[in-house]
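Hello,

Here is the structure we spoke about, for you to look over.

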Amino acid sequence: MKFGVNTMIWSGGFEPDKYPFDDLKEVGVDGIEIPVFVPEDLDTAAVRRTCEAHALSVHFCSVNPDGTNPISDDAAVRSRTVAHWKNVIRTAAEAGAEQIAGPTHSPVGYLPGRRRNEDEWRWGVEFHQALHDDLADTGITMAVEPLNRFETYFLNTAADTVRFVEEIGSDRIGILLDTFHQNIEDKDVADAYRTCGEHLMHVHTCENDRGVPGSGHVDWPGVLAALKEIGYDRWMTIESFNAHIPELSAATAIWRDLAGSMDEIAIDGTRFLRDLWART
Ligand code: LER
Ligand code: MN
């Protein structure tokens with residue numbers, strides 16, 4: 001298992017001066033997941049340099065920015081969205097990232113007030129299929145993340161996401177399951193991971209309140225046992241969002257401090273997960 005931390009714990013861009021590298025290395029963090037919203041703005045050479053200097057792997061997490069939507073009923077918006085994600089893939093390759101993960105299927109917070117329809121499902125499948133060749137050419141994988149009902153109407157449960165990636169049918173595209181979202185949407189979080197099985201490509205380890213993993217009511221022993229059972233051996237990355245950065249706090253609905261400090265989420269959380277994994 002590889003242990004990671006998402007740098008949105010500290011900032012909304014790539015700002016290595018804010019990351020406590022020595023402490024991260026000391027508790028056994030293997031890699032960082034960085035948010036990439038505007039690929040043109042990322043200094044990919046700096047990402048490579050920084051990660052090499054600290055012997056850390058790098059992953060991207062991303063969302064559909066304003067003006068893009070893979071499931072829009074406007075074909076021009078859909079093709080603009082494919083072009084945007086191809087650019088994200090190219091940028092990930094330049095930065096040395098192994099994987100891109102996130103709610104690739106629809107914009108976070110896009111809630112039209114009804115269920116998804118069959119056209120949207122098909123457009124979502126076709127959108128991901130259109131990225132397959134670029135992923136295969138660059139050797140990058142993409143992990144599709146269902147979100148809770150307050151952030152999307154399109155994909156909420158593990159079972160739906162399995163059906164979605166099976167229809168996409170690409171060996172480069174799998175599932176990212178986040179304990180925070182599945183704690184809201186699935187009957188049993190550990191079972192949700194079992195449901196993903198071989199499609200699971202990434203895990204976000206978030207406590208039920210996005211605080212320090214191990215400090216809340218997520219069934220960590222059950223989740224880690226399920227991951228062992230399905231033979232999952234990829235990344236387990238702690239995700240949380242800095243409550244002191246207004247844009248991050250607003251986008252993720254965090255209105256209070258979730259821990260004594262943001263570092264605690266990464267450091268104490270990694271220590272907890274590593275110990276528990278060793279005992280599972
Ligand atoms: C992203 O990984 C996530 O979990 C969302 O809730 C935020 O967009
Ligand atoms: Mn997540």
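In this predicted model, a polar side-chain atom of Glu145 sits 2.7 Å from an oxygen atom of ligand 1. For Glu151 the corresponding distance to an oxygen atom of ligand 1 is 2.8 Å, and for Glu239 it is 2.6 Å. A polar contact here is a pair of N or O atoms within 3.5 Å. Of the 250 Å² of accessible area that ligand 1 has on its own, the protein covers 92% (Shrake-Rupley method, 1.4 Å probe). The residues around ligand 1 (a heavy atom within 4 Å) include Val108, Leu147, His181, Arg210 and Phe241.

Asp178 lies in strand β6 (residues 173–178) and His204 in strand β7 (residues 200–205), so the pair ties together parts 26 residues apart in sequence; strands are DSSP runs (E, at least two residues). Asp178 and His204 are both buried (under 20% relative accessible area, 1.4 Å probe, protein chains only).

Residues are numbered from 1 along each chain as its sequence is written, with chains lettered from A and ligands numbered from 1 in the order written. Local features need pLDDT of at least 70 and side-chain atom pairs pLDDT 80 or more, while totals for chains, interfaces and linings use all residues, and side-chain values use heavy atoms, without hydrogens and water.

Regards

Methods
Helix = DSSP H or I, 4+ residues; strand = E, 2+ residues; numbered from the N terminus. Buried < 20%, exposed > 50% of the residue type's maximum accessible area, 1.4 Å probe, protein only. Polar contact = N/O pair within 3.5 Å; in protein donor to acceptor, adjacent residues only side chain to side chain.
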